[in-house]
Amino acid sequence: MGFWCSEVVIAVVIAALSTVNAQNLAYSPPFYPSPWMSGNGDWAEAHEKAVQFVSQLTLPEKVNLTSGVGWMQGNCVGNTGSIPRLNFPGFCMQDSPLGVRFTDYVSAFPAGVNTAATWDKRLAYQRGNAMGNEHRNKGVDVQLGPVAGPLGRSPDGGRDWEGFSPDPVFTGAMMAATIKGIQDAGVIACAKHYILNEQEYFRQPGSVTGYENIPAESSNADDKTLHELYLWPFADAVRAGVGSIMCSYEQINNSYGCSNAYTLNKLLKSELDFQGFVTSDWWAQQSGVGTALAGLDMTMAGDTVLNGTVPEWRIDDMAVRIMAAYYKVGRDRYWIPTNFNSWTNSTFGPQHALANMSYGQVNYHVNVQANHGELIRQIGSSSIVLLKNNGALPLTGHEVFTGIFGEDAGANPGGPNACADRSCDNGTLAMGWGSGTAQFPYLITPEEAIQTKVQSLGTGTVQAITDNNALSQMAEVASRASVCLVFGNADSGEGYLTIDGNEGDRKNLTLWQGADQVIEQVSAHCNNTILVLHTAGPVIVSDWDNHPNITAILWAGLPGQESGNSLVDVLYGDVNPGGKSPFTWGKKLEDWGTPILTKPNNGAGAPQIDYSEGIFIDYRKFDRDNITPTYEFGFGLSYTTFEISDLCVEPINAPPYVPSNGMTKAAPSLGNYTSPSDYVFPDGFSRIPEYVYPWINSTDLKASSGDPRYGLPSNSYIPPGATDGSPQLILGAGGAPGGNPGLYEEMYTITATVKNTGEVAGDEVPQLYICLGAPDDPKVALRDFDRISLEPGEEKIWNTALTRRDVSNWDPVTQNWVISKYPKTVYVGNSSRKLPLKAELPLYAD
Ligand code: BGC
């Protein structure tokens with residue numbers, strides 16, 4: 001295969017275009033040319049080194065950097081071509097957002113949703129850094145994470161747990177901390193899946209059982225919704241210096257995510273001034289030339305490849321962006337050869353698994369876990385959210401008879417890695433399923449950890465029943481136990497795997513494994529029943545919250561390998577719970593108002609998912625419609641009590657907001673383009689079957705391209721302006737990575753006092769919310785938070801600030817952020833609905 005477009009690929013483009021023309025459908029406007037890298041922000045040095053490197057390359061060498069060699073043709077889930085002449089080995093791209101996927105002797109970290117539940121940016125950084133170290137030491141160049149898409153529009157979205165929270169500011173803060181952690185370890189982070197990738201059903205063409213001929217869905221959102229909600233965390237990722245961004249499978253306003261000139265060229269590369277490279281999700285590249293001109297820089301896994309009708313400067317820019325990310329994180333200093341192979345656990349095997357060729361040692365079994373288990377245990381316990389406590393917790397350690405109930409307390413009989421990509425829910429749940437996973441090095445179950453604890457205390461009896469069908473035995477033990485710990489879980493994952501009819505997205509918000517029956521049975525016989533939940537997101541628990549015999553409820557999420565230890569730390573009070581829920585717990589699925597689309601709604605065309613709720617997802621929607629949740633966003637109890645007082649707001653004399661202006665430089669061209677005869681396969685070259693090479697088959701370009709449009713005037717199929725390398729306008733909202741730097745200027749400083757008024761040490765999370773005042777603004781929207789540790793009686797002052805972006809709305813007319821004339825109010829408290837402190841913001845309209 002050469003680097004020209006195949007006929008199959010073109011057919012897909014044509015199909016996509018006809019969808020765009022349908023009048024009643026959302027439309028994604030063109031934006032060309034694709035912005036070239038400038039070295040803005042702190043990218044100058046990396047840019048310079050990348051330009052130097054790329055200037056030495058021939059066209060096939062550049063192409064090698066930009067395209068994958070094909071699925072299962074290298075060690076990693078994605079591998080680019082190499083540049084042997086310069087001893088450059090190519091890139092290894094590896095999942096996942098919670099550890100190194102598909103290899104041994106690695107750690108299984110807590111999921112993104114748990115990291116969010118800590119509300120601790122420092123822990124998010126440490127986790128990112130530890131994961132980055134593990135990837136680096138396995139020889140990975142790009143860690144495919146963290147996740148800000150899905151953001152969590154629907155509570156039952158299959159991959160919500162890979163990311164952080166449906167709140168954009170919160171997710172943005174977690175993204176930034178994680179990215180810095182990963183990249184400080186010398187590995188490129190890849191923020192994914194950009195953008196509006198909010199459900200698994202219909203994420204790819206033909207991806208849903210029974211609807212195999214249906215194109216990928218189109219997520220349709222307006223400009224304000226894009227900016228104020230879904231783009232926000234990606235802006236934080238770009239500002240944090242992320243080296244790479246993965247475009248998503250589905251369509252955005254009826255244009256595919258990896259060929260969408262509006263989201264890639266305009267929003268990401270122009271407005272957010274993203275300097276790194278855009279890689280496709282695996283096989284998400286739906287066309288050839290169109291994707292390159294729309295801003296895609298690297299194609300993965302490489303089985304679809306680039307078309308030749310792309311200006312030289314665009315190919316140069318792709319290669320420069322890729323190499324700049326490499327230098328930015330110090331890959332030239334930290335690089336080691338990849339020492340594992342994703343496609344076998346055996347020490348020896350084929351280098352090219354798909355072609356079954358080149359046998360040799362492929363796995364070196366390098367142990368990269370270091371002491372990360374300690375951090376994992378800490379994040380696990382810090383992420384536990386105490387939802388209800390009638391004084392049952394902490395346990396005293398003097399319980400004479402501890403009962404443990406439920407399959408979710410015990411081990412998977414097949415071992416923790418029994419099912420590929422965790423595609424079963426047997427035993428305790430500590431990770432969802434799909435590509436966002438890693439192999440467990442071990443998994444401490446709750447049963448094991450509680451038994452060990454009770455034995456070490458030497459005080460009592462402990463009995464566990466982990467067969468959810470053993471209901472009568474449960475009744476018998478529950479009626480004698482002094483405390484009954486009952487476990488339930490709910491799993492979700494990526495759509496290429498289905499568990500029990502859940503095609504990635506959850507079918508409902510109930511517990512799995514028959515856990516509701518178990519809880520009912522145990523709580524009917526035990527008046528001190530403590531419920532522990534391992535769920536990928538919210539489940540319906542209103543019955544259990546109201547149940548008099550259920551004396552405490554804990555959400556432990558998807559805590560990773562130290563699950564049981566993290567839980568025991570909280571149950572027995574060695575750790576005082578300080579986690580807060582990163583999402584809302586409604587009483588029924590309809591409360592969220594943003595259902596997953598599970599049936600086509602556009603005939604044989606692309607299903608249309610209109611984001612008509614705008615920015616009102618999760619707590620913003622509950623607040624607007626006065627729906628009382630079981631537990632609100634930001635809620636979580638402690639074993640001590642806190643008081644937050646003395647809110648102080650002071651305006652800062654911030655300079656006026658100046659829209660960026662002026663022109664970029666012209667696109668640089670780095671040369672080395674010779675004649676087509678230099679790009680054909682070298683004489684006598686022996687090809688690995690199905691391997692993607694950068695060379696073409698012959699100097700007959702028409703035949704090599706297979707493109708029926710070859711030779712037609714390029715303006716008949718190239719969008720206007722797409723090949724124009726002359727200086728371009730800088731957008732008013734742009735000008736620097738993350739957007740106009742004025743957006744990040746502080747406009748108000750805010751302080752509040754947090755005091756521990758109880759008897760034991762603990763952590764409190766003061767939360768700052770804003771009401772921007774217009775009728776279509778949320779009642780409150782989170783702006784900042786911190787996790788503060790306090791001894792009994794101790795108080796600390798929390799210092800925070802509001803930036804211009806924090807007090808602005810997106811104005812689709814001027815295409816910039818503006819401070820509206822409406823009076824604005826800030827609130828501080830410890831959940832989205834417990835906001836005792838309030839202050840009007842001194843007005844500051846633009
Ligand atoms: C997923 C990505 C993942 C990639 C490589 C895709 O199916 O959507 O998140 O990084 O596969 O495994």
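Modeller: A disulfide is counted here when two cysteine sulfur atoms lie within 2.5 Å. In general terms, it is a covalent bond between the sulfur atoms of two cysteines. The model is a predicted one, in which local features need pLDDT of at least 70 and side-chain atom pairs count only at pLDDT 80 or more, while totals for chains, interfaces and linings use all residues. Residues are numbered from 1 along each chain as its sequence is written, and side-chain values use heavy atoms, with hydrogens and water left out.

By the sulfur rule, the protein has 4 disulfides. With the bonded cysteines numbered in sequence order, the pairing reads 1-2, 3-4, 5-6, 7-8. Three of these links are described below, including that of Cys76 and Cys92.

Cys76 is bonded to Cys92, with 2.1 Å from S to S. The angle about this S-S bond is -95°, and the link is left-handed. Cys76 lies in the loop between α3 (59-66) and β1 (78-79), and Cys92 belongs to strand β2 (residues 92-94), so the bond ties together parts that are 16 residues apart in sequence. Helices (H or I, at least four residues) and strands (E, at least two) are DSSP runs, numbered from the N terminus. Cys76 and Cys92 are both buried. Buried means under 20% relative accessible area, exposed means over 50%, and partly exposed is in between, using a 1.4 Å probe and protein chains only.

Cys247 and Cys258 form another disulfide, with an S to S distance of 2.0 Å. The torsion about the S-S bond of Cys247 and Cys258 is about 110°, so this disulfide is right-handed. Cys247 sits in strand β6 (residues 244-247) and Cys258 in the loop between β8 (255-256) and α9 (261-271), so the pair ties together parts 11 residues apart in sequence. Cys247 and Cys258 are buried.

Cys484 is joined to Cys526, with 2.2 Å between the sulfurs. This link is right-handed, with 105° about the S-S bond. The pair connects distant parts of the chain, 42 residues apart: Cys484 is in strand β15 (residues 483-490), and Cys526 is in the loop between α16 (515-525) and β16 (529-535). Cys484 has 0% relative accessibility and therefore counts as buried. Cys526 is buried too, because its relative accessible area is 3%.

Two further cysteines deserve a note. The closest cysteine sulfur to that of Cys190 is in Cys247, 9.1 Å away, which is too far for a bond. Cys190 is buried, with a relative accessible area of 0%. Cys648 has a relative accessible area of 39% and is therefore partly exposed.

Of the 846 residues, 65% count as buried. Among contacts (heavy atoms within 4.5 Å) between residues at least 6 apart in sequence, 78% join residues at least 24 apart.
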